[in-house]
Amino acid sequence: MLKIGNTEFNDRPVFLAPMEDVTDPSFRYMCKKFGADLMFTEFISADGLIREAQKTVKKLDIFDYERPVGTQIYGHIPDAMEEAARFINNADPDILDINYGCPVKKIAGRGAGSGMMRNLPLMKEITERVVKVSRFPVTAKTRLGWDSESLNVEEVALMLQDCGIQALTIHGRTRAQMYKGEADWTLIGKVKNNPNIHIPIIGNGDITSGKIAAERFNAFGVDAIMIGRAAIGRPWIFREVKHYLETGEELPIPTVLERVDYAREHLHKSVDYKEGMRGIYEMRRHFTMYFKAIPNFKETRLKLLTANTVEEIESLLDLIADKFGNVELNKEVANLGIYEKSIDN
Ligand SMILES: Cc1cc2nc3c(=O)[nH]c(=O)nc-3n(C[C@H](O)[C@H](O)[C@H](O)COP(=O)(O)O)c2cc1C
């Protein structure tokens, strides 16, 4: 049975990946509702945290009902990372994760995130210092390597294990791949099955269904899997995956009426948590995904995406229930995610 620090998990646990601008408390509320076994905050800049930038500190908000939750930091300056870990000692996550996987130029280019895969001495120093001061179990998340010429995740895993991390998540792509192409799980399996690796290995990359999740567990023996993009606009994927892992059967996708209820619940959490109009703005992309498969929906979608008050959105949701409530959704269209989205700025 997987255990990270004092947190114990059921067999074959399914985690929500940290996603900048996505995994805020309202989205996590939805993922928890559908059974995510561990969730992560958006990543947090060590520099921002020690400057006590308000927006950064707010990312540390965690509510008891969502536990266990990990929080994630990134940065390339050891002093700042150590100080950030000390700062987080005053917050209350269950796990502190270090980001060694972010491919975005302004982060990786400076040597933070996946950039650290090219500077193992610095990665070692930062990890040791964070592990030393943190009062939480420290984990890390990384990729296969910088590019296809430097697939060093096995070496990285052994080193991080020596530094005292308590689990490692591996996203089966290189930095150079960003989010393109298919995730390659072979190396993830190789790390997991390395006899010198004793820490839990969490596999990540392109899990979009229960069937794929089961195949990954079976083929690579990972201790847990982590889902990112497929949960966006589809937080019920956790229920689907867990049901499949337990029974080998697929659940039907949510009906339009269920989607209306989920959208309403998500909206309320979002406006409760976010200040001003942000709670509404940030729901727009979720609405697009929730209702993507409804045919002849263009006009209603436009109204939904331009509504500026909760009342307006509420009446549009009522209208969707009335007008489209009995429509049968095409599963493939409904589950089509943002998998090709590449974040390469
Ligand atoms: C919008 C977005 C934001 C992300 N932000 C983070 C982040 O803050 N920290 C992190 O470790 N990974 C981040 N990632 C990477 C995901 O955690 C995950 O490793 C990646 O999407 C692959 O998993 P998937 O195929 O299930 O999406 C982000 C990915 C996306 C799409």
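**A predicted two-domain chain, by question and answer**

Student: In which loop does P254 lie?
Tutor: In this predicted model, the helix α10 covers 237–247 and the helix α11 covers 256–273.

Student: Leaving aside neighbours within four places in sequence, which residues is P254 in contact with?
Tutor: Once the neighbours within four places in sequence are set aside, the contacts of P254 are W236, R259 and Y262.

Student: How is the chain divided into domains, and how far apart do the C-alpha centres of domain 1 and domain 2 lie?
Tutor: The domain assignment gives domain 1 as 8–247 and domain 2 as 256–328. Each domain contributes eight residues to the contact, and on the side of domain 1 these are four nonpolar, two polar and two charged residues. Between the C-alpha centres of the two domains the distance is 30 Å.

Student: Why does the radius of gyration of the chain agree with that of a compact globule?
Tutor: The C-alpha trace spans about 60 × 45 × 35 Å along its principal axes. For 345 residues a compact globule would have a radius of gyration near 20 Å, and the chain agrees because its own value is 20 Å.

Student: Which residues have the most contacts inside the largest nonpolar core?
Tutor: Of the 345 residues of the chain, 46% count as buried, and the largest nonpolar core has 76 residues. Apart from this core lies another, of 18 residues, with Y290, F291, I313 and L317 among them. Inside the largest core, the residues with the most contacts are F15, L168, I225 and I227.

Student: Which residues does I227 touch, not counting those up to four places away in sequence?
Tutor: I227 is one of the residues with the most contacts inside the largest nonpolar core. Not counting residues up to four places away in sequence, I227 touches V14, L16, A17, I207 and I237.

Student: How many residues surround the ligand, and which are the closest?
Tutor: The shell around the ligand holds nine nonpolar, seven polar and five charged residues. In number, 21 residues surround the ligand, and the closest are A17, M19, F43, G228 and R229.

Student: Which residues does a cis peptide bond join?
Tutor: The place to look is the loop between α3 (54–58) and β5 (69–74), where P68 is found. With omega at about 0°, the cis peptide bond joins R67 and P68.

Student: Is D206, with its positive phi, buried or exposed?
Tutor: D206 lies in the loop between β9 (201–204) and α9 (210–220), and its phi is about 65° although it is not a glycine. M178 also has a positive phi, near 50°, but with 18 C-beta neighbours inside 10 Å it counts as partly exposed. For D206 the count is 21 other C-beta atoms within 10 Å, and because 20 or more are needed, D206 is buried.

Definitions and conventions:
Residues are numbered from 1 along each chain as its sequence is written. This is a predicted model: local features need pLDDT of at least 70, side-chain atom pairs count only at pLDDT 80 or more; totals for chains, interfaces and linings use all residues. A residue is near a molecule or strand if its C-beta atom, placed from the backbone, lies within 6 Å of it. Ala, Val, Leu, Ile, Met, Phe, Trp, Tyr, Cys and Pro count as nonpolar, Asp, Glu, Lys and Arg as charged, and the others, Gly among them, as polar. Domain bounds come from an automatic or database domain assignment. Two residues are in contact if their C-beta atoms, placed from the backbone, lie within 7 Å. The radius of gyration is taken over C-alpha atoms; the globule rule is 2.2 Å times the number of residues to the power 0.38. A residue is buried if 20 or more other C-beta atoms lie within 10 Å of its own, exposed if 12 or fewer, and partly exposed in between; C-beta atoms are placed from the backbone. A nonpolar core is a set of buried Ala, Val, Leu, Ile, Met, Phe, Trp, Tyr and Cys residues joined through C-beta atoms within 7 Å. Helices (H or I, at least four residues) and strands (E, at least two) are DSSP runs, numbered from the N terminus.
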